[in-house]
Amino acid sequence: MTAQSKIGTAFDPAAAREDFAILSRTVYGKPLVYFDNGASAQKPRQVLDAMREFATTEYANVHRGVHFLSAAATERYEAARETVRKFLNAASAEEVVFTKGGTEAINLVAHSFAATRIQPGDEIVLSVMEHHSNIVPWHFLRERYGAVLRWVDVRDDGSLDADALDAAIGDRTRLVAITHISNVLGTVTPLKEIVARAHAKGVPMLADGCQGAVHEIVDVRDLDVDFYVLTGHKLYGPTGIGALYAKKAHLKGMRPFNGGGEMIREVTRDLVTYADPPARFEAGTPPIIESVGLAAALDYLSGFDREAVKAHEHDLLAYAREGVRQFNWLRVIGDAPGKASILSFEAEGMHAHDLATILDREGVAVRAGHHCAQPLMERFAVASTTRASFALYNTRAEVDAMLGALAKARKILG
Amino acid sequence: MDDSLRDLYQEVILDHSRHPRHFGKLEHATNTAQGYNPLCGDRVTIYLTVDKDDRIADVRFEGKGCAISQASASLMTDLIVGKTVSEAERLMAGFLSLVKGETVEGLSAGDRETLDVMAGVSAFPMRVKCATLAWHTMKSALEGGEAAKSE
């Protein structure tokens, strides 16, 4: 990474916290400790201000009117696309399609790209640690077109076995769809290697970057990935917007997803022709204000030394990982080398929901459940886990609060 | 400790969750149903023997879940044995009102007293479904055994 010389540069989480007003609130009289960032991150004032400023000064529908505001709004919307391009280091902004989130982006690829290539018996290769959003669209292809889902296991530490993946890719594989970072285990997959192995067999690769784009520095050209999916709200941006990066060569040949306004060239009573990408895939009025918010969020994140942010998040993870060792009744699930700042665990004799309820009353917000990753729960033979996921604004003191709350939970339930 | 937490996880609840009554499978059950909470993945199976007088002669439950769902299932089995189907339905209606914090009607004083340990759930809206899963499953078992969801 080019930022090597910057490692060690101070990233000041205390200063960053000032940007997130919600972090200073209390819940049940206790200071909020927000560790549910894997589900959705909080929004800095820079994002909220940008959306408000845009909505109060330049808002109108995009790509339609000839009037002043429509032109201004279109400019902001397209500028947001350019910001996403830069964030992912894509070759062209035309390779960035706005969606309503990560889920829609994957469904778009399933419908517009993969479905047209599937004959009964053709295969999609997935890992067992995928989020349901990177599973169910492929089940649709199984149900509707006879696709076969091939599952790649993870090792006991949660790491992905690239050799097993290689073995799963065969003559009938039409797509490899793997997450960049597991939302449960925190495992960072060797994306570049996965892409290379898929490409060696002529198979395109989709990466679910809903977590990956938050914690890793993504360069889609370096990865050579065919599709990369991100969502705004986990990136400190608004809900209702995400993005699909797709190589131009793919996008050009893909059929439309939703039909409606904005995505057409011409509509007559007898036929319809479609706009070029990315407009072809953006039917209807897009999330305009949200696009401005997403751009502000990416600018916000990019304004930090991201290697320093990552080092801070890794420090929180290591600190929490070490802290929970004192609890011999707690089992961490996912210890892959180099994993991102997501800590999932199971507590002996304590159900995740009971644990999360008690932590909540101590002000500590964690996620409990199957995390929309049921095949992974099955793999580790658990019904559910408790998950703490750390963001750039979290601190060691907050981890201490969680450890204290865990000890308390044990006292109540143990 | 937070009072509402103390209400929620009182000793009776924890005892029922650690040592559930009527736990296991019932051979020759006349009615069974499976319940599933899609939010947390918890499952419960209810087995009933309903005799020719429409009386619940025996009951068992199996499943894995949080302390609230296990205790609720255990308490329920304690209370419905010996009841007629319509009495069991009244019990369920009363229980649902109780955990939602609504006015409770139609419960006998004894049942009301037994179920009162579950009243603390009403302060935790996100946990009401945990408490009601077994009850919805019992209802669907009585109605003929469609899979129940905790809604």
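Tutor: A residue is buried if 20 or more other C-beta atoms lie within 10 Å of its own, exposed if 12 or fewer, and partly exposed in between, with C-beta atoms placed from the backbone. This is a predicted model, in which local features need pLDDT of at least 70 and side-chain atom pairs count only at pLDDT 80 or more, while totals for chains, interfaces and linings use all residues. Residues are numbered from 1 along each chain as its sequence is written, and chains are lettered from A and ligands numbered from 1 in the order in which they are written.

Student: Okay, so is Gly94(B) buried, exposed or partly exposed?
Tutor: Gly94(B) is partly exposed, because 18 other C-beta atoms lie within 10 Å. Gly94(B) sits in helix α4 (residues 85–99) of chain B. Helices here are DSSP runs of H or I with at least four residues, strands are runs of E with at least two, and both are numbered from the N terminus.

Student: And what does Gly94(B) touch?
Tutor: Leaving out residues up to four places away in sequence, Gly94(B) touches Val104(B), Glu105(B), Gly106(B) and Leu107(B). Two residues count as in contact if their C-beta atoms, placed from the backbone, lie within 7 Å. As for Thr132(B), 38 residues apart from Gly94(B) along the chain, the two C-alpha atoms are separated by 12 Å.

Student: Zooming out, how many helices and strands does chain B have?
Tutor: Chain B has six helices and four strands. Their order along the sequence is α-α-β-β-β-α-α-α-α-β.

Student: Where do chains A and B meet?
Tutor: The contact takes 15 residues from chain A and 15 residues from chain B. On the chain A side, the elements giving two or more residues are α13 (352–361), α14 and α15 (396–413). Helix α13(A) gives the most, with five residues.

Student: How many residues of α13(A) are buried?
Tutor: Ten of the ten are buried, so α13(A) is largely enclosed by the rest of the structure. Among them are His353(A), Leu355(A) and Arg361(A). Just after α13(A), Gly363(A) takes a positive phi of about 90 degrees.

Student: New topic: which domains does chain A have?
Tutor: The assignment gives domain 1 (2–31 + 305–413) and domain 2 (48–302); such bounds come from an automatic or database domain assignment. Taken over C-alpha atoms, the centres of these two domains of chain A are separated by 28 Å. Their contact takes 22 residues from domain 1 and 22 residues from domain 2.

Student: And which strands pair with β8(A)?
Tutor: Strand β7 (residues 173–179) of chain A pairs with β8(A) in the parallel sense over four bridges, and strand β9 (residues 227–231) of chain A pairs with β8(A) in the parallel sense over three bridges. Strands pair if DSSP finds at least two bridges between them. Asp208(A) of β8(A) stands opposite Thr179(A), and the bridge partner of Asp208(A) in β9(A) is Val229(A).

Student: Which way do the β8(A) residues point?
Tutor: Met205(A) and Ala207(A) point one way from β8(A), Leu206(A) and Asp208(A) the other way, and all are buried. In a regular strand the side chains alternate between the two faces of the sheet.
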